[in-house]
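Reader: Before I rely on the terms used for this protein, could you take me through them and set each value against its definition?

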Amino acid sequence: MGGTSTDVSRYSGHLELVFESETSGVTIQAPQLDINTVAAGGGSRLFFCSGLFVVGPESVGAHPGPVCYRKGGELAVTDANLLLGRIVPSMFPKIFGPDANEPLDVEATKLAFDKLTKEVNAFEMLQQETRKGYIARHFTPEQVAIGFVQVANETMCRPIRSLTEAKGFDVRTHVLSCFGGAGGQHACSVARSLGIDTVLVHKYCGVLSAYGIGIADTVVEVQESRLVDYDNANALQDALESLERLEHQATKNLESQGVAYVSTRAEKFLNLRYDGTDYGLMVQEPDDGDFKGRFIDDYQREHGFTIPNRRVIIDQTRVRLIAVASTGSGSKLKQGGQHTPTEPVAISQTYFEDVGFTDVDIYNLPLSPGMIISRPSIVIDSTAGVTIVIEPSCTATVTEDLDLEIHVENRANASADKESEDFVDPVKLSLLGHRFMGIAEQMGRTLQRTAISTNIKERLDFSCALFDQTGGLVANAPHVPVHLGSMQDAVRYQIRKLKDSWLEGEVIMTNHPIAGGSHLPDVTIITPVYESGKPTFFVASRGHEADIGGLTPGSMPPFSVNLDEEGMAVESFKLVENDLFREKELRSMLEEAGSRQVKDVISDIRAQVAANNKGIALMEDLMSSEGAARVQKYMKEIQNTAAVSVQDMLRRISIERGLKPKDSVYAEDFMDNGLRIKLKLTIDRDLGTAEFDFAGTSAEVYGNLNAPRSVVTSAVIYTLRSLVDTDIPLNQGCLDPVSILLPKGSMLSPSENAGVVGGNVLVSQRVTDVVLLAFGAAAASQGCMNNFTMGDENIGYYETIAGGSGAGPDWDGASGVHTHMTNTRITDPEILEQRYPVLLRKFLLREGSGGVGLHPGGEGVEREIEVSFSQFSAFAYALFGGCFLIFSLRYTGDVPSDCLDPLGAPCAQTLGFKRRWPWSLWGELHCEEGRKRNFLRREEYSCFAAWRCHSNLHSWRWRIRSTALSTD
């Protein structure tokens, strides 16, 4: 733990590598150590927002730094530790203030916390006055400070759980090794929260990274791509011979560097995966040489299942050659100087939870081997800037290597006995909010790892969430926005429909629009958790399945006019009943609907069940430690917090827009075929409420541009959450202060059998644009998810293509991103070309396509794909609101006579071909310019293009261009 962030990794005899990581929202795809970074450091800012204690991700930095740095900074974690006595000012260097010659400013920190404490207590009194039965709690500055420290600790616990529990390891069996200037201040608390009983603090913990680099072994890595079947004897032998060649190559590379070493050792790996999946495991050579057996064991541990009768593919051979440095290991280095006597150098006062201020002994490093510290103490290394806090119920022992080993007594959680308490603890609220969100995120990681399809594993088109006993959304991991409100509707629909017939252990599958579904490929799996015969909460996961039938591969038919043409529609199906997974019945439904990838769909649905089981296990652990009544209580309170945040936002916007205490604003937009989406937004500033009235919206259409009510709900909840400028949980509370009025029989509240596939991916984006327009928040983006689907009777592929986002009052739009309701990721070129008969020829930004203005919109993209099938039925479809579209087709062979354009004319005629042309000739079809109108001072070009062909074409190529609009 350092000044701005905390890094976490796991070691179990070897260094674990990953090929993708995410830091601060930026995804980096490259081989690297498996290190998770979170924004929780000594400089992380402290906020109190709508009843929540929030730590980071903003940092006060080194300048101006925390309040105590004497440079006019903001409150940070360092200030909290200073106020609590976990930092001893007299033993800190005098390097602060304008001239860098003053000590830490304790008084300034106290004044800042006094001010913040008054804000917290004022909020508590307001809640008592406005909420029936609410009992305000009075906080002291120290209680506020310890609350922020606890929230920071929980922020650090989340990545640790991700590296252990999410991968099938028990975190409690690990040792917590901490380093960095601030790590020792939090180590005991973090270990106790995780159930870890041993903390190891290295003697050089303040400079451990530099020290480690100094004594590190030199490593050379080399690899080769293989892509062969493991069970092919010749291919396997070739892979094993490759490992020998790579070892020889690595040795030559090492010798060429002139590195001095005593000895070398080679670690040999095969990167293995199941055929048809994208998630591989780097398997180190086992003692018996059975790579496949080790792979199956590791897959079972990490995913909870294996895939029998599925080929295992060797993707890559890899060798790591490690040159052991001649200086030897760190344990052989001698510590110089005299050891510190066992007596403390000073006594100070430190604040601990449940204890308050207590005397602590102060020691300086280094300490004597064998020394035992059995009372609250602080150990300081002034030279390296390290402070180690040994908390009550912890015992520290100095090892022979002069490291500090701390035994943490994991006391029974006293708070679990306080389920009858009347007040709401905002600290506990913040902590449980982190736990709820962490559980939803771990469900998502489980689903991503265990799924098979590209849609879920690569494009991340899925969502996982927790729900209270009424089906209200409690925590939704930041997955796909169009799933947000609709998943809640799906859970509540099943509660109303099944009532007492929904028994413990039964898992429900649904995807029907009337049952809270979005469009049919999005299948929702719901599992209840019972206690004393009643459901206490629900977990659910929704994933975009590869193919659930319908007119076209991928189950995204552009020409559907009713639900029957879009695939399997399930209102309510007991997927798991009497502890049995009903695969036979599920397979029958998929085959009847015409699914082209039955096996993969079933595998993905199994993965969703596994993700739900992961959420249940983590929630049961949480209830065991906190008590079921308390967990349920704070589920409701976390929703109330979100509601307060939305109310504050509505009041703020009402004032900023110059509205009356109760006033209305209007917005509308038109689809390319003339359909209108109309909104009257009424904000009541006194009540902090809003009414979204879509009266005047066009009627249901004979086609698929109908959006189920749940999709509109998702668009509204997404927009409300986006407009709240603080980090709040996204849950049912965001919708509590609002009402949504939809005219029955309209395109936003269609009939039971209406086509909806376009409503989910296109209308949802337009609804979002209209809501943002009403709030005056942002210009329109692409107005569509830009869907591309292809396939034949054997495979189906679907993706949403990125584009530009709309600009705002004081920012430019982002270029080449997925916007609003589609938070998915486009498939990696390597995965796309490996799994499908295509070549990605081009994928780039369209320069200058973002428009002009004070703040231009983001630039669109151009994506060129060449598709090769011997027998191919292809559909390309796009409806772009405010976008320009070009389809280009490249022919290999003759132009067939049975190829028809959307109007039924022969392709050769449409493209101007008068005779059969030889290969490799380009033909290009441009969309006709649609309505052109000024709207918020923008030029809008709208068009529709669809190409359909059933021919023996060997090669097709589409070039798809999209542009986001801008505003001045």
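This is a predicted model: local features need pLDDT of at least 70, side-chain atom pairs count only at pLDDT 80 or more; totals for chains, interfaces and linings use all residues.

Reader: What makes Phe-48 and Phe-123 an edge-to-face aromatic pair?

Author: Rings of Phe, Tyr and Trp (its six-membered ring) pair if their centres lie within 6.5 Å, and planes under 30 degrees apart count as stacked, over 60 as edge-to-face and the rest as tilted. The structure holds 13 aromatic pairs. For Phe-48 and Phe-123 the centres are 5.5 Å apart and the planes stand at 80°, so the pair is edge-to-face. This pair links distant parts of the chain, with Phe-48 in strand E7 (residues 44-49) and Phe-123 in helix H2 (residues 106-130), 75 residues apart. Helices (H or I, at least four residues) and strands (E, at least two) are DSSP runs, numbered from the N terminus. Ring pairs also link Phe-48, Phe-53, Phe-123, Phe-139 and Phe-148 into a cluster.

Reader: Why is Phe-48 called buried?

Author: Buried means under 20% relative accessible area, exposed over 50%, and partly exposed in between (1.4 Å probe, protein chains only). Phe-48 has 9% relative accessibility and therefore counts as buried, and Phe-123, at 16%, counts as buried too.

Reader: How do you know which class Tyr-204 belongs to?

Author: Tyr-204 has a relative accessible area of 22%, so it is partly exposed. Tyr-211, at 16% relative accessibility, counts as buried. Tyr-204 and Tyr-211 form an edge-to-face pair, 4.7 Å centre to centre with 65° between the planes.

Reader: What makes Arg-606 lie over the face of Phe-581?

Author: A charge sits over a ring if NZ of Lys or CZ of Arg is within 6 Å of the ring centre and within 35 degrees of the ring normal. Arg-606 is 4.2 Å from the ring centre of Phe-581 and lies over its face. The charged end of Arg-863 likewise sits over the ring of Phe-843, 4.6 Å from its centre.

Reader: How do you know that strand E18 (residues 377-381) and strand E19 pair?

Author: Two strands pair if DSSP finds at least two bridges between them. E18 and E19 have 5 bridges in the antiparallel sense, so they pair, and Asp-381 stands opposite Val-386 in E19. Their hairpin has 4 residues between the strands, and Gly-385 takes a positive phi near 70° there.

Reader: What makes strand E19 (residues 386-390) mostly covered?

Author: In E19, 5 of its 5 residues are buried. Both faces are covered, with Val-386, Ile-388 and Ile-390 on one side and Thr-387 and Val-389 on the other.

Reader: Why is the crossover from strand E9 to strand E10 called right-handed?

Author: A crossover is right-handed if, with the strands pointing away from the viewer, the path from the first strand over the helix to the second runs clockwise. E9 (residues 176-178) and E10 (residues 198-201) run parallel and are joined by 3 bridges. The chain crosses from E9 through helix H4 (residues 183-194) to E10, and this β-α-β crossover is right-handed. E10 also pairs with strand E21 (residues 404-408), in the antiparallel sense over 4 bridges.

Key
Residues are numbered from 1 along each chain as its sequence is written. Side-chain values use heavy atoms; hydrogens and water are left out.
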